[in-house]
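Grab your viewer and work through these exercises with the chain on screen. Try each task before you read the solution under it.

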Amino acid sequence: MTDDATPELPEPTREGESKLDEIVATRRAKVAQLREAGVEPYPVRFAPSVTVAQVRERYPDLEPGTETGDEVTVAGRVVAKREMGRLRFLVVREDGQDLQLFCPVKALDGPSRELVDLLDVGDWVGATGEVLATKTGELSVKPATLTLLGKGLRPLPSSWYGLSDTEARFRQRELDLTVNADARRVFTIRARALKALRAELDERGYVEVETPMLHPIPGGAAAKPFVTHHNALDTDLYLRIAPELYLKRLIAGGMRRVYEINRSFRNEGMSPRHNPEFTMLESYEAYADYHDVMDLTEALFRRAANEALGTLELTYQGRPVSLAGPFRRASLLDLTREATGRDDLSYELPVDELRKLCREHEVPVEDAWGAGKLVLELYEALVEHTLWDPTFVIDYPVEVSPLARRHRADPHVTERFELILVGREHANAFSELIDPDDQRSRLEAQARAKAAGDEEAMVVDDAYLRAMELGMPPTGGLGIGVDRLVMLLADVANIRDVILFPTLRPEG
């Protein structure tokens, strides 16, 4: 909505900065004027009797010119202001809902008459008056009293998408939420999806827990960690890259079903799909395997879509995608065979032959990679981005799955799956490895790779191995990228659109 009284926030030019300084100075002068008149521009408390949304819900169809006789007290930010003779029209916005304040000057009390002409777009106000519909049919409150709740010194942009610096949407999310209805839509979807995930797990008997964000050693995933230093202990600590090992220690301790919706951190590159700080859901269930976890994953995605959107038939970036039917299940090796046209592709092929196949498909290779890693690279380069409809890609090579259980029928692979949707990973899960000796040998192999220069390789976690040696039951574990799930549900292509305050380069 445009604002006739306040100019659009100027673009960051020298001329624009001068104009902005002028606007701020004018508004500061109004603050002084208000205080001289005995009006506190930043009061401590206000008590609305209803929300703007409740007013709109209670009076949906008033006939033009109807006076209800009902008095309410509402509050919100002024997003538009105009004058018509002795009439003042303000539009206030609260939580994305707009309501007009119809203000004949003669109907206002004395202090409010002085205040109304000192208000600017961006100010927060309260109003007490009668609910009515104007002669044009606009639902309104006719205030007898106006109360300034917070004076805005900086102007709001009147046409957000006219700004050339689109990064400002992420850097100044408070502005984005004020003027951009789609931003509010996205974060409403996010809140509903998180609530749905929790509800599904709670109803299944999972216990929500909290595990440390500061780890003495990095573990739970192959990724480069952030490092910090604890002064009192004089030791380095790592922001968690995953909560996995702590959660599985709870299973070893006898908790049957646990989950955590957590913030994790990975000191890696940024892209439209990656933010260094991100949200994951991890769950672990005793006595389950990865087939059980696939069923759980389908239920979680359907519950989130139904409660956030009311449908399982989605559109993402112009293409339909359905969560209604059973999700496809296909092995990583079979998918890669199909993509390469090599029916004889297997983990037993000589490494030199697999390297040659990679070069034929322009897939970079490294000397230290074995057969499993080479097949995975072929799959990721040729297959993953083509999988649009929900697909469980199952049975990942042992070499790239250090925490997953070896497959019960094939020693070359693990009982691991990733859920691929719209060409990207949305979930990762295993039949968990519960043999402590097998786990130790794999972590030691990871540690050797780390010593050889692989910054993302894991280290030996003796505390976790000690817990495993107490005995662990069969366990199915799941990790869901919450941000990517919200991207899917909200139909946005950039992860920064679904994180309220994404990581950005420092200003200047």
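This is a predicted model: local features need pLDDT of at least 70, side-chain atom pairs count only at pLDDT 80 or more; totals for chains, interfaces and linings use all residues.

**Exercise 1. The whole chain**

Solution. Residues are numbered from 1 along each chain as its sequence is written, and side-chain values use heavy atoms, with hydrogens and water left out.

- Step 1: the protein chain exposes about 24,300 Å², with areas taken from the Shrake-Rupley method with a 1.4 Å probe, where for residues only the protein chains shown count as cover.
- Step 2: carbon and sulfur atoms supply 48% of that area.
- Step 3: for the overall dimensions, the C-alpha trace spans about 90 × 50 × 50 Å along its principal axes.
- Step 4: the chain has 14 helices and 18 strands; these are DSSP runs (helices H or I, at least four residues; strands E, at least two), numbered from the N terminus.
- Step 5: of the 508 residues, 51% are buried (buried is under 20% relative accessible area, exposed over 50%, partly exposed in between; 1.4 Å probe, protein chains only).
- Step 6: take the contacts (heavy atoms within 4.5 Å) between residues at least 6 apart in sequence, and 67% of them join residues at least 24 apart.

**Exercise 2. Into the core**

Find the largest nonpolar core, then look at what surrounds Leu478.

Solution. A nonpolar core is a set of buried Ala, Val, Leu, Ile, Met, Phe, Trp, Tyr and Cys residues joined through side-chain atoms within 4.5 Å.

- Step 1: the largest one has 47 residues, and those with the most contacts inside it are Leu281, Leu300, Val321, Phe417, Leu478, Leu489 and Val498.
- Step 2: helix H8 (residues 290-309) gives the largest share of this core, 9 residues.
- Step 3: there's another core apart from it, of 28 residues, including Val92 and Val131.
- Step 4: now zoom in on Leu478, which sits in strand E18 (residues 475-481). Leu478 counts as buried because its relative accessibility is 2%.

**Exercise 3. A helix on the inside**

Is helix H14 (residues 482-490) enclosed or open?

Solution. 

- Step 1: count the buried residues. In H14, 9 of the 9 are buried, so the helix is largely enclosed by the rest of the structure.
- Step 2: pick out some of them; Asp483 and Arg484 are among the buried residues, as are Leu485 and Leu488.
- Step 3: Not counting residues up to four places away in sequence, Leu489 touches Ile189, Ala193, Ala304, Ala305, Ala308, Leu309 and Leu314.
- Step 4: step just past H14, where Asp491 takes a positive phi of about 60 degrees.

**Exercise 4. Rings and charges**

Classify the Phe89 and Phe102 pair, then do the Tyr379 and Tyr396 pair.

Solution. Rings of Phe, Tyr and Trp (its six-membered ring) pair if their centres lie within 6.5 Å; planes under 30 degrees apart are stacked, over 60 edge-to-face and the rest tilted.

- Step 1: the structure holds 5 aromatic pairs. Phe89 and Phe102 make one that is tilted, at 5.7 Å centre to centre and 50 degrees between the planes.
- Step 2: Phe89 is in strand E2 (residues 87-94) and Phe102 in strand E3 (residues 97-104), 13 residues apart.
- Step 3: check burial. Phe89 is buried at 9% relative accessible area, and Phe102 is buried at 17%.
- Step 4: on to the tyrosines. The ring centres of Tyr379 and Tyr396 are 6.3 Å apart with planes at 80 degrees, so this pair is edge-to-face.
- Step 5: Tyr379 lies in helix H11 (residues 371-382) and Tyr396 in the loop between strand E15 (391-394) and strand E16 (416-421), so the pair ties together parts 17 residues apart in sequence.
- Step 6: look for charges over rings (NZ of Lys or CZ of Arg within 6 Å of the ring centre and within 35 degrees of the ring normal). Arg82 lies over the face of Phe89, at 4.2 Å from the ring centre, and Lys373 over that of Trp369, at 4.9 Å.
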